[in-house]
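Colleague: I would like to go through the side-chain features of a model. Please give the general idea each time, then the case at hand.
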Amino acid sequence: MIRMTEPSKITAVPDHQPAAGGIAARARASVGPKYLSGLNPEQREAVETLDGPVLVLAGAGTGKTRVLTTRIAHILSQGRARPAEILSVTFTNKAAREMKHRLGQMLGHAVEGMPWLGTFHSIGGRILRFHAELAQLKSNFTVLDVDDQVRLLKQLLQAENIDDKRWPARMLAGLIDGWKNRGLMPSQVPSGEAAMFANGKGGKLYASYQERLKILNAADFGDLLLENIRIFREHPDILRQYQQRFKFILVDEYQDTNVAQYLWLRLLSQAPSSTSPRLRGEVAPQSDAGEEDSPQTALVETPPHPDLLPASGEKEKTKNICCVGDDDQSIYGWRGAEVDNILRFEHDFPGAKVIRLERNYRSTGHILAAASHLIAHNEGRLGKTLRTEDVEGEKVTVTGSWDSEEEARGIGEEIEQLQRQGEKLNEIAILVRASYQMREFEDRFVTLGLPYRVIGGPRFYERAEIRDALAYLRVINSPADDLAFERIVNVPKRGLGDATVQMLHDHARKRRVPLFDAARAVVETDELKPKARGSLRDLVAQFDRWRAQREVTAHTDLAQIVLDESGYTEMWQKDRSADAAGRLENLKELVRSMEEFENLQGFLEHISLVMDREGGAEDDAVSLMTLHSAKGLEFDNVFLPGWEEGLFPSQRTLDEQGRAGLEEERRLGHVGLTRARRRAMIYFATNRRIHGTWSTTIPSRFLDELPAANVEITESKGGSAWGGTGGYGASRFDDMEAFGSSYSTPGWQRAQANRNRGGGRNGGRSGGFEEEAATFSSSSSSGPDFGSFSSRRRGPLTIEGELIAKSTGTTSEFSLSDRVFHQKFGYGRVTKIDGNKLTIAFDKAGEKKVVDSFVQRA
DNA sequence: ACCGGCTAAGTTTTT
DNA sequence: CTTAGCCGGT
């Protein structure tokens with residue numbers, strides 16, 4: 001669990017009081033409710049300013065969550081609202097859980113009664129279920145995930161005879177998603193954009209996709225908000241009901257809101273109109289305004305939101321909405337977030353009070369200064385100056401490496417050194433820009449026997465086995481769920497292939513019935529071959545049986561029965577691939593997680609919205625993740641590798657988003673730096689392998705944007721890249737002194753020189769690689785050869801051998817040519833043994849050096 | 001219906 | 001260099 005340290009560090013009475021009324025404030029501070037004690041003046045103002053719109057600009061590590069939860073506690077304890085009258089939205093389930101947890105600590109058990117604390121989507125979904133019929137849905141509608149969406153769209157493309165090679169379903173899904181993020185119903189999509197896909201058919205496809213969703217009784221994630229917005233607009237009476245209910249609205253991570261979320265908040269935050277409610281079905285004045293005003297601007301710039309301006313001349317009254325966010329941490333523009341929302345807050349919510357939280361309780365002075373200086377290069381920001389009363393601490397280090405392997409090696413050694421100094425691995429994180437960077441670290445850590453944990457990756461409910469299992473349950477619960485039926489009809493293999501499914505589709509379409517009903521009918525005919533027919537008949541019978549059992553069996557038991565009887569469990573038991581065991585474990589976990597829900601229906605309604613990745617293991621391990629998934633986390637020691645032009649900032653972002661993209665990348669750097677409490681260590685490599693081929697890179701421009709006074713340039717410890725002795729010699733630091741605070745270490749110079757060179761391979765390397773080879777490699781004396789570069793480097797390295805021997809000291813229980821299994825690399829054969837260090841030829845992953853504790857006998 | 005080989009593409013991620 | 005997805009052969 002993430003430590004949030006700020007409360008304990010604060011003394012009871014804030015050191016700085018506002019100039020005016022200092023004494024009175026001090027007196028109040030000591031008298032006020034105990035949950036207010038320990039807040040600094042700004043935090044306290046953010047908590048106590050209950051009336052009218054409030055924007056809390058909360059920089060990294062300034063106690064944002066604390067303010068949110070304390071504010072809720074304050075509202076409740078002041079009797080301003082009951083728990084059910086507070087709408088509190090977050091983006092992730094994790095954030096929602098964290099808030100509930102902290103509220104619980106603050107208030108005791110009272111949290112149970114906060115029904116409207118949740119993610120945008122779960123609350124939107126909740127509201128939509130209440131009014132499902134207004135969206136042509138039933139209240140038990142299914143929430144589709146991306147995979148379902150894409151499959152559905154593929155069918156539509158096929159039906160329209162559109163070449164899905166040229167116009168991939170994924171692309172259309174992305175477009176539709178983008179439109180929904182911007183709050184656009186099919187009729188509102190600017191015609192220029194609608195025409196972009198498949199020679200003008202984009203808009204039509206969007207419309208028919210929506211129609212299909214209704215038939216399937218399904219909604220996608222975007223609909224959960226979009227349909228809310230539509231219902232609110234078309235039924236002012238309903239909107240008014242919610243406006244009256246929610247006395248207070250709190251929003252977390254406001255900088256990440258997209259247009260749809262903004263519209264949704266905007267509607268809910270208006271004071272309930274005093275005019276008579278409009279009649280059902282009558283169109284609200286706002287709803288049409290959008291299209292005519294800005295037909296084509298949307299393509300180029302953020303569309304203005306004309307439909308948000310007060311309907312007539314009357315002044316819109318805004319209720320008590322409090323948005324907390326940090327424009328400097330907006331890193332999700334590419335998925336529809338509008339930094340503009342936060343930048344425009346004061347304009348959108350007239351009379352808004354803006355409170356800045358600038359006191360950082362997390363990082364040391366140097367780290368904070370470096371992060372602040374970097375982000376100051378952005379133009380589109382509201383501007384905050386983070387300050388700390390913590391020590392200066394260590395300077396941020398910038399280390400150049402010859403290539404990405406050396407970078408990984410250097411960081412590996414640095415981590416081992418930190419470990420020797422008593423640092424917990426849990427307090428060490430490596431934050432990368434792109435996930436492909438992780439591989440080298442994983443390889444390295446496996447070789448070192450360094451425990452690590454990858455954060456992110458496929459989420460629990462996105463895994464194939466979970467989605468398959470859910471599909472079975474969905475078909476039981478809702479026989480009309482064609483997408484679920486199609487997903488599992490031949491999983492495990494039942495001999496019901498494409499031909500059969502196509503046949504069922506034809507049947508279903510002709511009679512306008514769901515696939516399942518078509519299946520039931522078809523098995524009564526002799527349209528199918530006997531084998532397929534029998535298979536299908538069995539399947540239909542099984543579902544009938546399961547549905548009957550549902551009445552008399554606990555839903556968890558039913559799930560287990562379904563998984564077993566369908567042969568699904570068996571399918572994975574027989575599977576010998578590397579991750580089969582994990583999948584079975586996930587299935588168990590799924591069944592376990594069902595216990596929290598009353599019944600199957602309840603489970604299915606929430607599963608797609610609240611299920612997230614498995615709770616991490618409690619072991620001490622280094623965390624490896626992307627900068628994006630690091631947002632909201634903090635660690636004592638943070639490694640930031642790969643600060644090179646093209647990678648970070650990402651070339652693609654620059655190409656596609658231009659200056660805005662560059663600023664978002666810079667914010668990403670700011671996020672990365674501010675994750676660190678005590679040490680931030682930046683790395684760049686001169687050569688990096690991208691898509692298999694080595695290319696020479698130049699250091700990131702962000703390095704130039706760091707303040708020299710807070711940064712120290714060091715040489716890689718991962719084996720000397722350039723000149724030098726290759727160890728931890730003190731002379732290295734003497735050398736550093738000469739270069740002072742400018743970026744002109746030998747490595748840096750070489751990197752700069754490489755800018756002008758055509759990236760000639762032999763040019764830059766002569767000094768570096770060979771010297772290193774002399775120092776480290778005992779196995780090879782041949783010249784550089786990039787083809788076998790990595791494998792040769794991984795030859796028996798004395799230094800590694802010593803390190804390993806020191807740390808474990810046992811001899812291996814494996815023998816040559818043993819068949820072994822590795823969590824990550826799968827099955828392989830031992831080809832070499834060196835102490836507890838094995839060289840294994842993996843069937844799939846190739847030859848790797850691995851510490852024996854990482855493998856088991858196959 | 002299934003498997004194997006080929007081709008093309010290749011950030012970031014939540015719900 | 002990988003990997004996913006598609007097509008063609010058995």
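Modeller: What follows takes aromatic pairs, charges over rings, the DNA contacts and the cysteines in turn.
Modeller: This is a predicted model, in which local features need pLDDT of at least 70, side-chain atom pairs count only at pLDDT 80 or more, and totals for chains, interfaces and linings use all residues. Residues are numbered from 1 along each chain as its sequence is written, chains are lettered from A and ligands numbered from 1 in the order in which they are written, and side-chain values use heavy atoms, with hydrogens and water left out.

Colleague: How many aromatic pairs does the structure hold?
Modeller: A pair of aromatic rings is described by the distance of the centres and the angle of the planes. Rings of Phe, Tyr and Trp (its six-membered ring) pair if their centres lie within 6.5 Å; planes under 30 degrees apart are stacked, over 60 edge-to-face, and the rest tilted. The structure holds 25 such pairs. Among them, Phe-597 and Phe-603 are edge-to-face, at 5.5 Å centre to centre and 75 degrees between the planes.

Colleague: Are Phe-597 and Phe-603 buried or exposed?
Modeller: Buried means under 20% relative accessible area, exposed over 50%, and partly exposed in between (1.4 Å probe, protein chains only). Phe-597 has 18% and is buried; Phe-603, at 0%, also counts as buried.

Colleague: Which pair links distant parts of the chain?
Modeller: Phe-639 and Tyr-683 form a tilted pair, 6.1 Å centre to centre with 45 degrees between the planes. Phe-639 is in strand β13 (residues 635–640) and Tyr-683 in strand β14 (residues 676–690), 44 residues apart. Strands are DSSP runs (E, at least two residues), numbered from the N terminus. Both residues are buried.

Colleague: Where does a charge lie over a ring?
Modeller: The criterion is NZ of Lys or CZ of Arg within 6 Å of the ring centre and within 35 degrees of the ring normal. Arg-266 lies over the face of Phe-349, at 5.5 Å from the ring centre, and Arg-344 over that of Tyr-262, at 5.2 Å.

Colleague: Which residues are around DNA strand C?
Modeller: A residue is near a strand if one of its heavy atoms lies within 4 Å of it. Those around DNA strand C are Lys-154, Lys-165, His-691 and Gly-692. Of the atoms of DNA strand C within 4 Å of the protein, sugar and phosphate account for 46%.

Colleague: How many disulfides does the structure hold?
Modeller: A disulfide is a covalent bond between the sulfur atoms of two cysteines. The cut-off is a pair of cysteine sulfur atoms within 2.5 Å, and the structure holds zero. For Cys-322, the nearest cysteine sulfur is that of Cys-323, 6.8 Å away. Cys-322 counts as buried at 0% relative accessibility.

Methods. Helices (H or I, at least four residues) and strands (E, at least two) are DSSP runs, numbered from the N terminus.
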